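Here is a short briefing on one protein chain. Look at the sequence and the structure, then read the points below.

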Amino acid sequence: MEPVNTRISVGISRLFPCSYIEGQQEQLLIIQESSLDSSLFERLLALGFRRSGDAIYKPRCPHCDACKPLRLPVNEFRASKRQKRTLAGNRDLSWYMVSQSSDEHYALYDAYIRQRHHDGPMFPPTREQFDHFIRCHWLPPQFLELRLEGNLVAVAVTDVLPNSLSAIYSFFHPDYDKRSLGSQLILTQIQIARDWGKDFLYLGYQIDENRKMNYKRLYHPYQILGPMGWEYGEARS
């Protein structure tokens, strides 16, 4: 793994209640630098960091290591039977990659949070909150749209990096549960990464103990970042 030679400042947050595992305390390493760029951020991704707004963070919890960075080597990916059914069932969707967020995006996000995550830390949704954790002045994200007959049904906020894509956040219309739109967004990002000559799709942290955050192992093969570096995980049905 290529070392990060640029000097950057790393801080650490206070302890606060974990949003994902009840009873645990969370603590983060945090980087806030105006000189970051896509190449440096990609190297930080390979070290297990993630982005929220302009800030880069990585869990460093004193009594828990449940958050496992996970990425997909997109050229090795093989869709499961279920994922093939998802692709077949969504052949009537069109996808677009756009560079600006819109009122239409926020309206979909608002409906998604209110109906799917009303018990989570992002409720109640606000436009200020949405803009704060999505936008980034040193790396403007892209917005993958899925549309059905012209109507917006799903969005994946995606960072485009020299050798990879990084999935920041996804949201979709709550009335289309049967279409598995969350899975469709990942499958579309995999295909885009292949088409654009990228090596990896970073999916963030796999958290086995949290039912809303333990889906990433369904995409094979995947790599988990451990003490010895990135290693292939075991296939799971």
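Asp159 is buried, with a relative accessible area of 0% (buried means under 20%, exposed over 50% and partly exposed in between, using a 1.4 Å probe and protein chains only). This is a predicted model, in which local features need pLDDT of at least 70, side-chain atom pairs count only at pLDDT 80 or more, and totals for chains, interfaces and linings use all residues. Residues are numbered from 1 along each chain as its sequence is written, and side-chain values use heavy atoms, with hydrogens and water left out.

**Asp159 and its partner**

- Asp159 is found in strand E10. Helices (H or I, at least four residues) and strands (E, at least two) are DSSP runs, numbered from the N terminus.
- The side chains of Asp159 and Arg51 are joined by a polar contact of 2.8 Å. A polar contact is a pair of N or O atoms within 3.5 Å; within protein, one must be able to donate a hydrogen and the other to accept it, and residues adjacent in sequence count only if both atoms are side-chain atoms.

- Which residues of helix H1 (residues 38-45) are buried? They are Leu40, Phe41, Glu42, Leu44 and Leu45.
- At the start of H1, a side-chain oxygen of Asp37 comes to within 3.3 Å of the backbone nitrogen of Ser39.
- Lys81 belongs to helix H2 (residues 81-89). Lys81 is exposed, with a relative accessible area of 70%.
- Lys81 and Asp199 are 118 residues apart along the chain, and their C-alpha atoms are separated by 23 Å.

**Aromatic rings**

- The whole structure has 17 aromatic pairs. Rings of Phe, Tyr and Trp (its six-membered ring) pair if their centres lie within 6.5 Å; planes under 30 degrees apart count as stacked, over 60 as edge-to-face and the rest as tilted.
- Phe130 and Phe133 form an edge-to-face pair, 6.5 Å centre to centre with 90° between the planes.
- Phe130 and Phe133 are separated by about one helical turn because they are 3 residues apart in helix H4 (residues 127-134).
- Phe130 is buried at 0% relative accessible area, and Phe133 is buried at 12%.
- One aromatic cluster is formed by Tyr106, Tyr109, Tyr112, Phe130, Phe133, Tyr169, Phe171 and Phe172.

**A charge over two rings**

- The charged end of Arg71 sits over the ring of Phe200, 3.7 Å from its centre. A charge sits over a ring if NZ of Lys or CZ of Arg is within 6 Å of the ring centre and within 35 degrees of the ring normal.
- The charged end of Arg71 also sits over the ring of Trp230, 4.2 Å from its centre.

**Empty space**

- Rolling a probe the size of a water molecule over the atoms shows where empty space is left.
- On a 1 Å grid over the protein atoms alone, a cavity is a set of points where a 1.4 Å probe fits but cannot get out, and a pocket is an open set with protein on both sides within 12 Å along at least five of seven lines; lining residues have an atom within 4 Å of a point.
- Grid points are joined across faces, edges and corners, and a volume is the space filled by probe spheres set on the points.
- The structure holds 1 cavity of 30 Å³ or more. The largest cavity has about 40 Å³ of space.
- Residues that line the largest cavity include Leu45, Arg50, Tyr202 and Trp230. Strand E12 (200-206) is one of the elements that give two or more residues to this lining, and E12 gives the most, with 3 residues.
- The second largest pocket has a volume of about 400 Å³. Of its 21 lining residues, Pro59, Cys64, Asp65, Cys67 and Lys68 are the closest to its centre.

**Backbone exceptions**

- Most residues other than glycine have a negative phi, and most peptide bonds are trans.
- Glu149 has a positive phi, near 55°. Glu149 lies in the loop between strand E9 (142-148) and strand E10 (151-160), and is exposed at 74% relative accessibility.
- Ser180 has a positive phi of about 50°. Ser180 is partly exposed, at 25% relative accessibility.
- His220 and Pro221 are joined by a cis peptide bond, with omega about -10°. Pro221 lies in the loop between E12 and E13.
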